[in-house]
Amino acid sequence: MNNTLLQASAISKSFHDPQTIQILKEVSFSLDRGEFVSIIGKSGCGKSTLLYILSTMDTDYEGGLKIEGREMKGRDEQELAEVRNEKIGFVFQFHYLLNEFTVLRNVMLPGLKLGKLSPQEVEHRAIEKLKILGIAEEALKSPNQLSGGQKQRVAIARALINDPVIIMGDEPTGNLDKKNTEIVFDIFRELAESYHQTLLVVTHDNAFAERTHRIITMEDGMILSPLG
Ligand SMILES: Nc1ncnc2c1ncn2[C@@H]1O[C@H](COP(=O)(O)OP(=O)(O)OP(=O)(O)O)[C@@H](O)[C@H]1O
């Protein structure tokens, strides 16, 4: 069976600002199912720009992007939104939780939006995710009653609600202390190794990156070490 989950083929991107600056230069690599991969590189080398393209949110690029063997380039926004909701989970540096809803409701929202399960099933699944993340006891609180580390775990539970095949993180531990960084690292490793989900994480934390399965190092819009 083909184990490749995501394949980026010669992805290039330029900004016109007003002069043309090429930010990504023929970036190619692939990710397998169950791989936990980090992307590192100096500020401005193009990491977030690449992640934005791989997550299908930015469609203005050259090259190809396959997820589970399906080409994403050229698909319309509605199709891409479906892929994003169903296949991709996102965790950012800031959690973007809604304080007017409970923790449970925050986790449920992308599941309700996808609409494939009944609200009861989504709730059941949200509680399962909160249990996996060790925060089920906080389910009925507002996010603003939680610590920073707990909030980030809620954001991860929310990213997991639709059982995505890939979880992408843009500095997901950038705002956390050492202890909470460790907790998030262990959760990500568990998702890869026990649940065979693929993790792709942009980080400035070299100690974090060194413990992932593979490091992709970027420099000036190119990949230096695709095989790690
Ligand atoms: N909308 C835009 N218009 C013009 N230039 C942009 C735009 N977005 C990003 N850039 C430039 O693209 C380059 C790459 O940015 P990107 O955010 O991908 O870098 P990064 O490696 O993620 O950096 P950091 O580690 O600081 O987050 C930077 O030089 C940035 O200034």
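**Exercise 1. Start from one residue pair in this predicted model: which residue of strand 4 is the bridge partner of Gln7, and how many bridges join strand 1 to strand 4?**

Step 1. Look across from Gln7 into strand 4, and you land on Lys66, its bridge partner.

Step 2. Now zoom out to the two strands. Strand 1 covers residues 4-16 and strand 4 covers residues 62-67; five bridges join them, and they run antiparallel.

Step 3. Something also sits on the sheet here: helix 1 (residues 47-54) packs on it, touching strand 1, strand 2 and strand 4. The direction of helix 1 makes about 125° with that of strand 1.

**Exercise 2. Work out the strand order of the open sheet, then say which strands stand at the edges.**

Step 1. Four strands make up the open sheet, and reading across gives 2-1-4-5, with antiparallel pairing.

Step 2. Check the ends of that order. Strand 2 (20-32) and strand 5 (70-71) each have a single partner strand, so one side of each lacks a neighbour in the sheet.

**Exercise 3. Describe how helix 3 packs with helix 5: at what angle, and how far apart are their axes?**

Step 1. Two packed helices are described by the angle between their axes and the distance between the axes. For helix 3 (residues 103-114) and helix 5 (residues 148-160), that's about 30° and 7 Å.

Step 2. Angles under 35 degrees count as roughly parallel, so helix 3 is roughly parallel to helix 5. The crossing is right-handed.

Step 3. List who meets whom: Val103, Asn106, Val107 and Pro110 of helix 3 face Val154, Ala157 and Arg158 of helix 5. Sorted by type, the contact has five nonpolar residues, one polar and one charged.

Methods. Residues numbered from 1 in each chain as written. Predicted model: local features only at pLDDT ≥ 70, side-chain atom pairs only at ≥ 80, totals over all residues. Pairing = 2+ DSSP bridges. Contact = placed C-beta atoms within 7 Å. Axes fitted to C-alpha atoms, helices over the stretch in contact; angles between N-to-C directions. Parallel < 35°, antiparallel > 145°, perpendicular 65-115°, else oblique. Left-handed = near helix turned anticlockwise from the far one by under 90°. Nonpolar A, V, L, I, M, F, W, Y, C, P; charged D, E, K, R; others polar.
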